[in-house]
Amino acid sequence: MSKVGIIMGSNSDLGVMEKAMGVLEELGVEYEATVVSAHRTPERLAEYAQSAVGNGFKVIIAGAGGAAHLPGMVASYTPLPVIGVPVKSSNSIDGWDSVLSILQMPAGVPVATVALDGGRNAGILAAQTLAVADSNLLNRIAKFKEDLKLKVLEAASIVENHKPK
Ligand code: RP5
């Protein structure tokens, strides 16, 4: 089965990144998660990214906060698609530093950047990437989106039938 690699700059990013894990479990997608710090373990970053294809990963989700160089540096080392999750971390000024560090990559080295603290969308996007070559997974994602629609229709019905107190 195709595998998603999930890395984060610190275990303090786990609250955001576990949302990616959660939705991958819901969708029945295999993943492996660990901590890789761009600035504090640069050799580990290079080793992780350079061996990612050989280790069976098909897409990588990388989350970090502040001067968030992890997703971009991983993307520089691997041909795999990289999804970046900006984290509003303790060392982030207001989240914009994390967003812009991950978003503003030079032409030729893209990182698919999701919203600030957008771990769940990163997981969904990773699953959608794998689903291109997996029709069963594509069907599960279609069902997932159908459920989203049903929830909104349910919310609409609650609002439409609401009587103010
Ligand atoms: C970043 O610095 C990490 O990704 C984390 O978001 C932030 C703070 O790290 P810790 O000081 O909590 O280890 O590199």
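1. A word on terms before anything else: a residue is called buried when its relative accessible area is under 20%, exposed when over 50%, and partly exposed in between, with a 1.4 Å probe and protein chains only. On that scale, 41% of the 165 residues of the protein chain count as buried.

2. Housekeeping. This is a predicted model, where local features need pLDDT of at least 70 and side-chain atom pairs count only at pLDDT 80 or more, while totals for chains, interfaces and linings use all residues. Residues are numbered from 1 along each chain as its sequence is written, and side-chain values use heavy atoms, with hydrogens and water left out.

3. Overall layout. The protein chain has six helices and five strands; helices (H or I, at least four residues) and strands (E, at least two) are DSSP runs, numbered from the N terminus. Read from the N terminus, the order is β-α-β-α-β-α-β-α-β-α-α. The C-alpha trace spans about 60 × 40 × 30 Å along its principal axes.

4. Now the ligand. Its surroundings consist of Gly9, Ser10, Ser12, Asp13, Arg40, Ala64, Gly65, Ser89 and Asn91, going by a heavy atom within 4 Å. By class, that shell holds one nonpolar, six polar and two charged residues. The classes are: Ala, Val, Leu, Ile, Met, Phe, Trp, Tyr, Cys and Pro nonpolar; Asp, Glu, Lys and Arg charged; the others, Gly among them, polar.

5. Which residue puts a polar side-chain atom 2.6 Å from an oxygen atom of the ligand? That is Ser12. Gly65 comes in with a backbone N or O atom, 3.1 Å from a ligand oxygen, and Asn91 with a side-chain N or O atom at 3.4 Å from a ligand oxygen. Of the 370 Å² that the ligand exposes when taken alone, the protein buries 77%; the areas come from the Shrake-Rupley method with a 1.4 Å probe.

6. The ligand takes up the space of the largest pocket. A pocket here is an open set of points on a 1 Å grid over the protein atoms alone, with protein on both sides within 12 Å along at least five of seven lines. A molecule sits in one if more than half of its atoms lie within 2 Å of its grid points.

7. Have a look at Ser92, in the loop between strand 4 (82-87) and helix 4 (96-103). Ser92 counts as buried because its relative accessibility is 10%. Its side chain makes polar contacts with the side chains of Asp97 (2.6 Å) and Ser98 (3.5 Å). A polar contact is a pair of N or O atoms within 3.5 Å; within protein, one must be able to donate a hydrogen and the other to accept it, and residues adjacent in sequence count only if both atoms are side-chain atoms.

8. Ser98 itself lies in helix 4 and, with 0% relative accessibility, is buried. A polar atom of the Ser98 side chain also lies 2.9 Å from the backbone nitrogen of Gly66.

9. One backbone angle to check: Asp117 is not a glycine, yet has a positive phi of about 60 degrees. Most residues other than glycine have a negative phi. Asp117 lies in the loop between strand 5 (112-113) and helix 5 (119-131), and is partly exposed because its relative accessibility is 28%.

10. Last one: Gly28 belongs to the loop between helix 1 (14-26) and strand 2 (30-35). At 32% relative accessibility, Gly28 is partly exposed.

Methods. 1 Å grid on protein atoms, 1.4 Å probe; cavity = no way out; pocket = protein on both sides within 12 Å on 5 of 7 lines; lining within 4 Å.
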